[in-house]
There are 2 protein chains.
Amino acid sequence: MDFSQFRPLDETSLIEYIKTVPSLSDKLGNKFDGIEIKEVGDGNLNFVYIVVGSSGSFVIKQAIPYVRCIGESWPMTKERAYFEAVALRKHGHLCPNHVPDVYHFDRTMSLIGMRYLEPPHIILRKGLIAGIEYPLLADHMSEYMAKTLFGTSILYNSTTVHKESVAEFCGNVELCRLTEQVVFSDPYKVSEHNRWTSPYLDRDAEAIREDNDLKVEIAELKAKFIERTQALVHGDLHTGSIMVTQESTQVIDPEFAFYGPMGFDIGAFLGNLILAFFSQDGHAVEGNDRKAYKEWILRMIEETWNLFRKKLVALWELHKDGPGEAYLPAIYNNPELQQLVQNKYLTELFHDSLGFGAAKMIRRIVGVAHVADFETIKDPSKRAECERQALELAKLVLKKRRNFNSISQVISAIREIQ
Amino acid sequence: MDFSQFRPLDETSLIEYIKTVPSLSDKLGNKFDGIEIKEVGDGNLNFVYIVVGSSGSFVIKQAIPYVRCIGESWPMTKERAYFEAVALRKHGHLCPNHVPDVYHFDRTMSLIGMRYLEPPHIILRKGLIAGIEYPLLADHMSEYMAKTLFGTSILYNSTTVHKESVAEFCGNVELCRLTEQVVFSDPYKVSEHNRWTSPYLDRDAEAIREDNDLKVEIAELKAKFIERTQALVHGDLHTGSIMVTQESTQVIDPEFAFYGPMGFDIGAFLGNLILAFFSQDGHAVEGNDRKAYKEWILRMIEETWNLFRKKLVALWELHKDGPGEAYLPAIYNNPELQQLVQNKYLTELFHDSLGFGAAKMIRRIVGVAHVADFETIKDPSKRAECERQALELAKLVLKKRRNFNSISQVISAIREIQ
């Protein structure tokens, strides 16, 4: 078969392909009998194959030039696989513990071969719906965010290194535009793509479209999303992009990666934890009221931010004499000043994170793509009740984010809405 | 002669070169006898030749791979000519009245052929030192800034167009780094490049290096300069980059062009007018106390911002149904909301402009490159007195810029310092 041009693979042609790629066939010990291949792409965009042989395994992810769940009528550049591979490698280099290894990348085929995250790894969102606690989650995710965001910012790099990489990721504009549309635009206007738990939330969705204060804030965040090249962000860091076990936390699927505001990643993760929190009442059953689990989620939210803050500052201290352009040692080398600039930086980042997090919550309730946390609540009136609380919190946070001085104040606001 | 590789030209080889370029030789009617060529590069970086024949004229600007005023020991990419040419053409397309025509560009030779701005055009800074009024200055410069900044921002363009151009100008990083160093870093630390009117300003220069509040603010501006791709800015819009007559205003030399914060251009222009203001007492002579001229400068400062604001809003209104990504008509199509977002946008831009303007003032007094406005004041104690006032104003504005609600409040602050 000819793989010198793009062709979408299936189970059969995939084996032929693997045979032509030493880095992959070596993983299988070059034994192809009894290989198991399973297509598991439950995302909206790509095909994902798990390949397991007797002496090794991997995952093959192939992008196709349209949105899988819609079909060829919604074209979407398959070059996204290139940016995903570059981001996986960059982030993996900075934080190998929480990013799966890339074994192989083929730009023509838009195909990534990478570590198979074996059972009991499951998607974090599924674990949150099932009410499972992950004791290391906040520790791992704060480490991932601190290392990847710090390491791709001008806190750590020279402007030369920074702008070269910024230029490259400008090429991933098509995926950025998708985010612009579904996060920052569609929820605030009438759009055929929008949906919500109707009729219960009809008035709530309308209220968002009529809320001038909210629209002023979302415009500021949208401009920041497009214009601010603060770090190489994952770009889609919700709880469906994270695989977990009790010991392991792995971040996958950075095909939306680009140079944007750090708060977009932090907010995505925290916002999706908050969505998970508000969905819990819908999953409560006799004998399991989810109360303790809700407290655990709140603790994760609080710990993630507080640990992130600590780890970012630690990295900053560690590398303060390095080539980072932002705070030259000859200017910022006194402890008092160091603390002043760190506090200012982190306060702004906190407010950014709250804003983006709230925007991500809103779009999951009245926009095109919803979250399983709510979707799996069968009773629509119950679901709408949960969603409305999340929406109220998100609106409050988006509009008043600058009034929050600590994550514990956010936790209090969440409790008050409940 | 071989022009297929870079070679620095002189008066003789330049004629040979022109003969090989139809767009240039045509300008001279293909008559080369009696052509006058004069090298006039009084800037720090390039060679500039005025070429005048009997039936036409132009200017040739050639970049060399080092800083002209220092020599080969300070290398500087000659690719800057490429970015200058692209910026001249982009800005010229958006604002043909105030950007000279480019006739020819040769990337290999790092050479631009462009309109000769014939006498009585002079550099604005020289006019300001001579005490000459230019009645159309505020009108022209506000038009130039509104059109070029609006037209290269996401107020006007789709994200796709925007990011393609952002990626290209990331290539001009070497010139950006020079600005980072001389504007945002060197003045705030001990640097061999720094100088000031010594010993008069020794304590003032030291005070800047010890001012934590100032350093906190300059860090924020530096990060914005590097990270915020708001518009294609000129990048060096001081009064030495503007040529004027009573009727004409032409902006030249955008070799520092890149995608950065709009306020960097606006601030450069306003900040240099403020420097001109504070230098006037040093140029006062018997019979000409410069008092009326100082009032004219203050009027120009006030009018430039107010007209810029008006023109930017007018462009925004005119194109509000266009492809600009920032404020989609379906979301922002009500007059009350439109006014809210415009006010917010322009308030932030005003504070940015004040911050960058102040930073540009400070670096011209205690950094490497000074301005003729002060340098031509022969008596050093007199000069230092003028410079100190400018420095005090700049420090105040940099630290308290968010407290200024209008340009007239800035004018009042300038008057108070005097």
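Here is a short chat about some salt bridges in this predicted model.

User: Why is the contact between R228(A) and E348(A) called a salt bridge?

Analyst: Their side chains come to 2.9 Å, N to O. The cut-off for a Lys or Arg nitrogen and an Asp or Glu carboxyl oxygen is within 4 Å, so the pair qualifies.

User: And what makes that pair a tie between separate parts of chain A?

Analyst: R228(A) sits in the loop between α9 and β9, while E348(A) belongs to helix α13, so the bridge joins parts 120 residues apart in sequence.

User: Is R228(A) buried or exposed, and how do you know?

Analyst: Buried, because its relative accessibility is 14% and the label applies under 20%. E348(A) comes out at 32%, which falls between 20% and 50%, so it's partly exposed.

User: Over in chain B, what makes K61(B) and D253(B) a salt bridge?

Analyst: The N to O distance is 2.5 Å, and the limit is within 4 Å, so they pass. K61(B) lies in strand β3 and D253(B) in the loop between β11 and β12, 192 residues apart.

User: Why do K61(B) and D253(B) get their accessibility labels?

Analyst: K61(B) has 6%, so it counts as buried. D253(B) has 23%, so it goes down as partly exposed.

User: Which helices does the D139(B)–K311(B) pair tie together?

Analyst: D139(B) is in α5 and K311(B) in α11, 172 residues apart in sequence. Their closest N and O atoms are 2.6 Å apart.

Notes. Residues are numbered from 1 along each chain as its sequence is written. Chains are lettered from A and ligands numbered from 1 in the order in which they are written. This is a predicted model: local features need pLDDT of at least 70, side-chain atom pairs count only at pLDDT 80 or more; totals for chains, interfaces and linings use all residues. Side-chain values use heavy atoms; hydrogens and water are left out. Helices (H or I, at least four residues) and strands (E, at least two) are DSSP runs, numbered from the N terminus. Buried means under 20% relative accessible area, exposed over 50%, partly exposed in between (1.4 Å probe, protein chains only).
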